[in-house]
Amino acid sequence: MFPSESLRRLRMLFRGSRFQEELNEEMRLHRELREQELLDLGQSPESARREANLRFGNVTSLGETSYQSWGWSWLESLFQDLRYGTRSMLRSPALTIVALLSLALGIGANTAIFSFIDTLMLRSLPVKDPSQLMFFGKEGEAGVTDRIGSTTLYSYPFFREMQKRNGVFSDVAAIFSELNTVHGTIQGQDSMQPMRVQLVSGSYFPTLGVQAVQGRVLSEADDTIEGAHPILVVSYAWWKRALASDPAALNRKITLGKTTFDIVGIAPPEFFGTSVGEAPDMWVPMSEMGFVPPAYDARKDNFWEGMHLIGRLKPGVSQEQATSNVNVLYQQIIRSFPDADLDARNAGYLNHAHVILTPMAKGLSSLRHRFSEPLKILMGITTLVLLIACANIANLLLARSTARARELAVRQALGAGRLRIVRQLLTESLVLALTGGLLGIGLSRIADRLLLRMISGGSDLVPLEVSINTNLLLFTFAVTVATAILFGIIPAFRSTRLELTDALKDGRGSSSKASSRSPLGKILIVSQIALSLVLMVGAILFIRSLVNLNNVDTGFNREGVLRLDIDSDVIGLKSEDPRMIAMFQEIEQRVSALPGVKAASFASFLFSQGSWNTGIRVVGQNLDDRVNIKHNVVGNEYFAAMQIPLLAGRTFGPQDTTTSHKVAVISERMAKDLFPSGVNPIGHHYYAGFDPKPDTEVEVIGIAKDVKFGDLQESPQYIDYIPNPQHPWGYGTLAVRYNGDFDATSRAVQQTIHSVNPRLPISHVGTLDEQVSSTLTNQRVVAQLSAFFGLLAVFLSCIGIYGLMSYTVGKRTNEIGIRIAIGASRASVRWLVLREIALLTAIGIAVGIPITIAGSRIVGTMLFGLRGADVVSLLTSVVALLAVALLAAYLPARRAASVDPVVALRYE
Amino acid sequence: MKRDEIPPGTLYLLILKALSLHGPLHGYEMANFIQRTSDNVLQVEEGSLYPALQRMLVKGWVTAEWGVTAGNRRARYYRLTPAGRKQLDAELSQFERVFGAIHRITQIA
């Protein structure tokens, strides 16, 4: 079709009703002129008119054909159907509201969950050709190690060698594996604020193929001479938030630690780095590593391994080719380092080391790792809810279409094609579904925000860009259309397949027809009940699992502890500096002395804050190399602050100083497993690390009860506690056991900290209990949402039951009237109705139980302290379902029982 | 008087020819032109001119404009466009080809 032709067609469309008027006018003129001519020829007025009309032809059909020439008739009939659909929706508002509400909830929930799946698992990184990007090693390992044979964390010199010598990547970039939160100052502002600073190699932006929207990105030249390039690139979001979208941002400066950095560029809005859900605020070249707090002086250290490496495959190079090239180089590079300590053990590690290349088109994400399973389960749940909603609507439409049987029969009798009517009924469902879909999208926006908050757990939102996009809209559209077809097609075909004479004779359908219609309705109800059972049992399982987790004995007392973070990096002293050690002790002492405070102590790890681990060598014991000890550097009052019971020996005191003999308190499990049996571990010695070097020797002075360290589900860990002066740690976290008001204590503690050092930034003030429960975020999200959806499912099923029963009772009014007239008691009539629904519910439950048991196996790994569906959960759900089903049927049953036989019999 | 139905597909040709001979016409004038010029042999169901004219409007062969008749009545006048003129040539040559062929066949006695 030529563009000008389309334009003419379009223009005609906008002429609307004038088109018909003009056409009618010119056709009328034609006939009148003809009539006049015939009159002039001497015909009688009557015959002149008749002949003029005869010669002209059928005006109506000519008008229609003319209109059709423009090719818009499909549109017109669509509009007709839409209008009709909307009208019929408005005619039964109750049905429409219920249908729309269940659809909106169903579609909204699906869209919301899908938008998270999309963000976390489906979307590609917004960089150039993300499918060419490879991550060295396996996702999930971060931090710093000096281990030989590390295949995920690498040193900066290793990165440089790999970048130089490989033949398979067009470029390789290094990213520091930890995203540091640094308290920095924007020049011209007084207060420090937290900034998430990402250290990257100069090749980072070129490798990703990302350009700045303003200024420039970092380049290889910025990563040459240490300390020579105090520059950084800020994220778009941070520029908007912290600099208020200052157009002159490139003139601004930021002070981190003692160094002032120039802003040289702003990254594009969609770019969030390489890790989904971890958006850095700014990127600093690795050459500045020693100047960005905590100022690691490690750029030249061959075995300070803390970098993640990514590479962009050269065109035509396969993952296998790249892997083999990387592994050959890996061995060569490590062995070429002169300080590589290749004793027998390390050589063994190195020989077994194999670098895996992980495609990272979708970016890296610890969130994905944590939430992919819960999200899949929630997606399943919401799909079931939507199915139930569809069944419900199909049932309602079925009931209504039976009521419309007469109307449809009349239309078919008048010559309407069956397909035309089916099309119209489907259009009606589509109107319903699309309206529901629109409402659903609106709802999903709210749900997304809610979900993001739930996922984030604490007060800080996870920086995830969960927004409407094409993927999402396509998904919703697909779901909506599928829904419309699903709930519309069966009623549409059913209601057009009828014996016309029967339907025309009897507007309400004869009572014999009622039974022929219900099987489908009954099947729908049975499947709703079955699905509801699945969802209910699921919800109960998840809730019980959450309760079990919450009741886990942590080994410490979760209650009554305030926790906060300070950023001691801003002071600019090394942690082993005596002034730092003294400062921490002073804060501990002063806070402890506050009224209402019972104990206060710093710790390197309170709960689920990562770990520092090494192997150990216990005197007189042959331990496996793989045994790893988690070390926790703490203050003297740590055990009192956490209320971790001491089982034997003593805790730390003022006698344990930098120069005194090194001591440690060990965990119960460590004492039991790692020390020679029959020997009291107290007073026994061990070495941190594999080799018995004198400076790593420690003496056990106490045994503490086992505590949960990383998460609530772990088995007892090997933990030792070390006093801070003997292994100084640049602390961040303070735990304060207090009595009384949280807010007052919090204020007093913060004031005290600032009285020791006014510059210390304080953040994440909260309770230990919150910190513990924040590790249950995904279990909590799943439990709460599955409970919500379980209830929703049951509610929807109730509506379905109510609808079906009301309908059948209406149909059977006549029969019930006769029963009552010949002496049936009201109670027996009620039972007649209830019996049917009880039977349907029982069948639904019988169908649902095997599905439930199979389904609970799938979620088994997500449950804690449960092995899938058990008798208690099943029984609770069955009883609850029966109860609400009967309740839903009770109202129609009562109505049936109150039928007045005289009225009922006169009814037909 | 016996009248013959016009051969299918030639209505466009007749309308185009009428317009090219007489300039802007309204529907009634076209009907009369076709009848008179064909000595009343060709009969058009007069109303069928109008769907055909709409089709031609879509194709862009003609444009329509409201004007006033000699009898001072409002009428829609159709005018040939350059595209319409080209179409007329195309239809004419096709017509001649086809009818020439038929003619040659029917002449073989």
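Two residues are taken to be in contact if their C-beta atoms, placed from the backbone, lie within 7 Å. In the predicted model, residues 24 or more positions apart account for 50% of those contacts in chain B that have a separation of 6 or more. Chain B contains four helices and four strands, and its elements follow the order β-α-α-β-α-β-β-α from the N terminus. The C-alpha trace of chain B spans about 55 × 35 × 20 Å along its principal axes. Of the 109 residues in this chain, 29% count as buried.

In chain A, helix H1 covers residues 3-15. The 13 residues of H1(A) reach 19 Å from the first C-alpha to the last, close to the 18 Å expected at 1.5 Å a residue. The number of buried residues in H1(A) is zero, so this helix lies largely in the open. Arg87(A) belongs to helix H5 (residues 73-91) of chain A. Arg87(A) counts as exposed because it has 10 C-beta neighbours inside 10 Å, and the cut-off for exposure is 12 or fewer. Between Arg87(A) and Leu367(A) the sequence separation is 280 residues, and the C-alpha to C-alpha distance is 47 Å.

Strand S12 (residues 561-566) of chain A pairs with two strands, S22(A) and S23(A). With S22 (residues 733-738), the pairing is antiparallel and extends over five bridges; within it, Val561(A) has Arg737(A) as its bridge partner. With S23 (residues 762-767), S12(A) also runs antiparallel, and four bridges join the two strands. Here Ile566(A) is bridged to Ile762(A).

In soluble globular proteins, nonpolar side chains tend to be buried together. The largest nonpolar core of the model has 106 residues. The residues with the most contacts inside this core are Val385(A), Ile393(A), Ile529(A), Leu535(A), Ala793(A) and Ala889(A). Helix H12 (residues 366-403) of chain A supplies the largest share of the core, 19 residues. When neighbours within four places in sequence are left aside, Ala889(A) is in contact with Ile801(A), Met805(A), Val833(A), Leu834(A) and Ile837(A).

How values were computed:
Residues numbered from 1 in each chain as written. Chains lettered and ligands numbered in written order. Predicted model: local features only at pLDDT ≥ 70, side-chain atom pairs only at ≥ 80, totals over all residues. Expected span 1.5 Å × (residues − 1). Buried ≥ 20, exposed ≤ 12 C-beta atoms within 10 Å, placed from the backbone. Pairing = 2+ DSSP bridges. Core = buried A, V, L, I, M, F, W, Y, C linked by C-beta atoms within 7 Å.
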